[in-house]
Amino acid sequence: MVVAMNTDESGREIEKVKVSVYYEALCPDSKFFITYQLVPAYEELKEFLILDLIPYGKAETIINEDGKIIFRCQHDQVECYANKIHACVIDEITNPEKQLKYISCMITDNLIPDGAGERCGQEQNIDFKRINKCATEQEGSLLLKKHGDRTNGLKPKVKFIPTIELNGSQGVETQAAILKNLLKVVCSVFKNKPIRCDRI
C-alpha cells in the first residue's frame, strides 16, 4: 500500500489520514457531524486528510427479478433519492474540497433533494444537470449499490449512523469520541503531527 504524504509549514513530511464517513443524506446525526465536525476538521487539515464519503447508512438494497435495483432507506424514499444524488456528486466531483462543500451544502436541507442539489450546484459553480441525470438513471442506482456493498461489508457492522473509520479502522478511538471531536482524534492518529495539531 502506498502511503500518501504531504509536508507541513516546518517542512516535515506528514502521513495523510484517511477519514471515511458512512452516512445518510437525511440523518440528523450525519448532518450534525458533517457540518460541525468534518467540515471544520477538513478546513484545518485538508492537506493531510484523504476524504472518503459513503452515503447509504442503514438502507437496504433489493434487486428485482428484472434486474432493477430498489432501495429502502431509514428516512423513506426521499432519503434514497438524496443518497443517490450524493453518490453521483461524489463520483462526478473529484476535487475533495469541492465535493465536501457540495455535500455539506446539500445536507443542511435535503428534504427537496433536487432543489438542494440545484442550489448547491449554483453555489459551487457546478452544473447540476449531469448529477441529476446520474441520480435519476441506472448509474445512480449502481453507485448507491456500491456504497451499500461497502457499508454492509464493514466489520464491525454499522450500529449507528454516521460511522467513521480512520485509516480503514473503526478501532482507532471510540465512535463517541470521534463524533464529539474529530479534529482532536485525527490529530492523535498522525505519527508526525502537523504543526496545526499543536494548537488543539
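These legends go with a set of close-up views of one predicted model.

The model is predicted, so local features need pLDDT of at least 70 and side-chain atom pairs count only at pLDDT 80 or more, while totals for chains, interfaces and linings use all residues. Residues are numbered from 1 along each chain as its sequence is written, and side-chain values use heavy atoms, with hydrogens and water left out.

**View 1**
Helices (H or I, at least four residues) and strands (E, at least two) are DSSP runs, numbered from the N terminus. Strand E3 covers residues 17–23, and 6 of its 7 residues are buried, so E3 is largely enclosed by the rest of the structure. Buried here means under 20% relative accessible area, exposed means over 50%, and partly exposed is in between (1.4 Å probe, protein chains only). E3 and E4 run parallel and are joined by 7 bridges; strands count as paired if DSSP finds at least two bridges between them. Look for valine 17 opposite leucine 49 in E4. With E7, E3 runs antiparallel, through 4 bridges, and serine 20 has glutamate 165 in E7 as its bridge partner.

**View 1. Leucine 38 and the largest nonpolar core.**
This core has 48 residues, and Leu38 and Leu166 are those with the most contacts inside it. Helix H1 (residues 28–45) gives the most to this core, with 7 residues. A nonpolar core is a set of buried Ala, Val, Leu, Ile, Met, Phe, Trp, Tyr and Cys residues joined through side-chain atoms within 4.5 Å. Neighbours within four places in sequence aside, leucine 38 is in contact with Val19, Val21, Phe33, Leu51, Leu53, Leu100 and Leu182.

Histidine 86 sits in helix H2 and is buried, at a relative accessible area of 0%. Contact means heavy atoms within 4.5 Å, and beyond four places in sequence histidine 86 contacts Tyr23, Ala25, Pro55, Ile103, Met106, Ile107 and Asn110. Glutamine 99 belongs to helix H3 and is also buried, at 7%. Not counting residues up to four places away, glutamine 99 touches Leu51, Leu53, Val89, Ile90 and Ile93.

**View 2. Helix H4 and its buried side.**
In H4 (residues 113–123), the buried residues are Pro113, Ala116, Gly117, Cys120 and Gly121. They span an arc of only 130 degrees around the axis, which puts them on the same side of H4; the arc is that of the directions from the helix axis to the C-beta atoms. Their cover includes helices H2 (76–92), H3 (96–107) and H5 (128–136). Exposed Gln122 and Glu123 are on the face turned away from the buried side. Just after H4, asparagine 125 takes a positive phi of about 60 degrees.

Of the 8 residues in H8 (residues 182–189), 6 are buried, so the helix is largely enclosed by the rest of the structure. What covers them includes E3, H1, strand E4 (49–55), strand E7 (163–166) and helix H7 (175–180). Cysteine 187 forms a disulfide with cysteine 197, their sulfur atoms 2.0 Å apart. A disulfide is a pair of cysteine sulfur atoms within 2.5 Å. This link is left-handed, with -80 degrees about the S-S bond. Cysteine 187 is in H8 and cysteine 197 in the segment after H8, 10 residues apart.

The structure holds 4 disulfides, in the pattern 1-2, 3-6, 4-5, 7-8, with bonded cysteines counted along the chain. Cysteine 27 is in no disulfide; the nearest cysteine sulfur, that of cysteine 73, is 12 Å away. Cysteine 73 is joined to cysteine 80 (S to S 2.1 Å), in a right-handed link with 120 degrees about the S-S bond. Cysteine 88 and cysteine 134 form another disulfide, with sulfur atoms 2.0 Å apart. Cysteine 88 lies in H2 and cysteine 134 in H5, so the pair ties together parts that are 46 residues apart in sequence.
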